[in-house]
Amino acid sequence: MSAAPTLSRRFVLAGLLTSAASCSLAEAPERSLRPVSKPSGSNGQARHSTAAEALIEAAKLDGKVGYVVADARTGQVLEAHNPLLPLPPASTAKAITALYAMERLGPGFRFATDVIATGPVSGGVVQGDIVLAGSGDPTLDTNRLADLAARMRQAGVTGATGRLRIYDGALPHLRTIDPEQPDHVGYSPGISGLNLNFNRVHFEWKRAGSGYSVAMDARSDKYRPTVRSARMEVANRSLPVYTYEQRGGVDRWTVANRALGKGGSRWLPVRNPGAYAGEVFQALAAAQGVRLELGDPVSRRPGGDVLARVLSDELSTVMRDMLKFSTNITAEVVGMAASARGGNMPRSLRDSAGDMSRWLSARTGSRKARFVDHSGLGDASEISCREMVDALTTLAPKLALRPMLKPIPMRNASGNVLDGHPLEIVAKTGTLNFVSALAGFVRAPDGTDLAFAMFMADEPRRNRLSKAERESPQGASAWNKRAKNLQLRLIERWGALYSG
């Protein structure tokens with residue numbers, strides 16, 4: 001009685017794999033895509049490798065392709081193509097960052113943001129300064145900053161003899177994650193020990209007569225505090241769409257009026273996160289009746305009483321969201337916090353990423369992995385597919401990475417989701433212009449469990465891009481679409497070939 005359901009699942013799997021393959025390949029596969037016994041001997045492995053190379057050739061990708069698929073339980077490599085070739089991991093680097101942070105900080109770690117009184121409170125008035133002190137929380141938003149202001153007021157504080165100051169020195173202050181990215185992209189903001197709204201400011205514009213009205217704010221679903229540390233001017237031109245400079249401690253933007261239309265909005269990166277968070281907190285405190293004058297930042301976290309505190313979610317939740325939404329700032333902050341916890345306060349992002357590279361080498365014996373950041377945004381990060389799979393099979397089970405990874409639906413060659421597909425895929429994606437990566441796990445209905453990593457990159461083509469071209473270069477979308485299709489076709493093939 002128990003054999004019938006298993007047989008049925010196998011035939012369903014074989015049927016779905018065969019139908020999906022028929023619409024995605026330029027040539028028929030060397031063998032039927034149906035569950036078969038695992039290959040034995042070098043001749044069988046060679047035939048399977050040839051079939052995979054046919055898939056790669058059919059994808060017509062310029063550049064280099066590498067992959068490794070292994071038994072997720074034992075780590076035994078089942079099939080590989082350029083397994084030791086170092087290639088850019090793009091955002092799959094965040095999987096390594098999550099492992100690094102989970103070991104160094106622990107799954108229950110929380111970032112704290114505090115309000116500190118540098119003197120006693122008398123009659124509701126702090127006899128000294130009030131300091132907004134961050135520990136780097138990358139998920140702090142305007143709503144939680146408002147909660148912090150409310151808690152300060154609930155503690156009986158109505159003012160201070162001194163000023164409101166900020167402490168953002170728990171982490172290095174970076175103007176941007178990757179200097180090679182266009183100035184206006186929100187995924188490469190500044191970073192400090194005090195961050196807000198993923199260090200992005202909301203820019204909104206509306207047609208007003210013959211011109212435009214513009215607003216810069218730190219909005220949430222409840223609040224819209226106006227921001228002065230970032231300012232926008234509409235310029236009479238077509239291109240460039242944006243220009244940026246920092247002057248007088250203010251992020252000064254211009255935008256081309258001919259690119260605006262009737263109205264709209266977008267989030268722009270913040271380059272001085274501490275000042276941004278400080279002025280927003282000042283406004284939120286004033287709404288609570290606590291009016292404070294902004295003063296200069298402090299270079300060290302002061303002693304004194306903590307008047308109010310807000311905490312981030314536990315690190316395991318923060319990491320799950322980071323992997324789901326691929327938030328670069330979260331990866332960089334937790335990576336640097338993990339380096340600091342290891343006893344090495346990073347001087348820069350590259351310094352911290354180097355510490356992560358050494359950590360990975362110590363844990364898995366990797367020799368080719370070299371990271372320049374924790375998010376995968378930087379071009380110079382490299383890791384081989386074998387090293388990524390080694391991390392997935394040796395570290396992920398101990399550090400509970402798999403439950404944090406995002407489910408990946410199987411799609412056909414047209415990009416349509418194949419509902420009810422029997423392969424269960426959880427993975428981290430990675431996409432840069434002319435770089436595509438996927439790393440994670442796939443489970444077949446019979447319980448076969450595989451770990452895989454796939455890196456594809458046309459580095460010469462990417463390296464030719466100017467800074468201005470990096471947001472949406474010609475040909476990148478089509479190249480990445482072909483790469484993603486190839487990744488799913490390979491997974492589809494492995495699911496049939498190595499299950500049963």
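How many helices and strands does the secondary structure of the protein come to? The answer is twelve helices and 19 strands, in a model that is predicted.

**Figure 1. Overall view of the predicted model.** The C-alpha trace of the protein spans about 80 × 55 × 45 Å along its principal axes. The radius of gyration is 26 Å, which agrees with the value near 23 Å that a compact globule of 500 residues would have. Of the 500 residues, 53% count as buried. Among contacts between residues at least 6 apart in sequence, 69% join residues at least 24 apart.

**Figure 2. Close-up of the largest nonpolar core.** This core has 62 residues, and those with the most contacts inside it are Ile96, Leu99, Met319, Leu360, Phe371 and Leu401. Helix H3 (residues 93–105) supplies nine residues, the largest share of this core. A second, separate core has 42 residues, including Leu148, Ala149, Ile166 and Phe281. In soluble globular proteins, nonpolar side chains tend to be buried together.

**Figure 3. Surroundings of Phe371.** Neighbours within four places in sequence are left aside here. The residues in contact with Phe371 are then Pro89, Ala93, Ile96, Ala353, Gly354, Met356, Ser357, Leu360, Ser381 and Ile383. Phe371, Ile96 and Leu360 are among the residues with the most contacts inside the largest nonpolar core.

**Figure 4. Contact between helices H3 and H6.** The axes of H3 and helix H6 (residues 315–325) come within 10 Å and cross at roughly 175°. H3 is therefore roughly antiparallel to H6. On the H3 side the contact is made by Lys94, Ala95, Ala98, Ala101, Met102 and Leu105, and on the H6 side by Leu315, Ser316, Met319, Met322 and Leu323. By class, these comprise nine nonpolar, one polar and one charged residues.

**Figure 5. Thr92 in the loop between strand S2 (77–81) and H3.** Thr92 has a relative accessible area of 0% and is buried. Apart from neighbours within four places in sequence, Thr92 is in contact with Met388, Lys428, Thr429, Gly430, Ala437, Leu438, Ala439 and Phe455.

**Figure 6. Ile56 in helix H2 (residues 41–59).** With a relative accessible area of 15%, Ile56 is buried, because buried means under 20%. Leaving aside neighbours within four places in sequence, the contacts of Ile56 are Val65, Tyr67, His81 and Leu486. Arg461 is 405 residues apart from Ile56 along the chain, and the C-alpha atoms of the two are separated by 19 Å.

**Figure 7. Cis peptide bond from Leu239 to Pro240.** Omega of this bond is near -5°. Pro240 is placed in the loop between strand S11 (230–235) and strand S12 (242–247).

**Figure 8. Lys60, a residue other than glycine with a positive phi.** The phi value of Lys60 is near 55°. Lys60 lies in the loop between H2 and strand S1 (64–71). Its relative accessibility of 63% counts as exposed.

**Figure 9. Phe198, a residue other than glycine with a positive phi.** Phi of Phe198 is near 55°. The loop that holds Phe198 runs between strand S8 (164–167) and strand S9 (200–208). Phe198 is partly exposed, at a relative accessible area of 30%.

Notes:
Residues numbered from 1 in each chain as written. Predicted model: local features only at pLDDT ≥ 70, side-chain atom pairs only at ≥ 80, totals over all residues. Heavy atoms only, no water. Core = buried A, V, L, I, M, F, W, Y, C linked by side-chain atoms within 4.5 Å. Buried < 20%, exposed > 50% of the residue type's maximum accessible area, 1.4 Å probe, protein only. Helix = DSSP H or I, 4+ residues; strand = E, 2+ residues; numbered from the N terminus. Contact = heavy atoms within 4.5 Å. Axes fitted to C-alpha atoms, helices over the stretch in contact; angles between N-to-C directions. Parallel < 35°, antiparallel > 145°, perpendicular 65-115°, else oblique. Nonpolar A, V, L, I, M, F, W, Y, C, P; charged D, E, K, R; others polar. Rg over C-alpha atoms; globule rule 2.2 N^0.38 Å.
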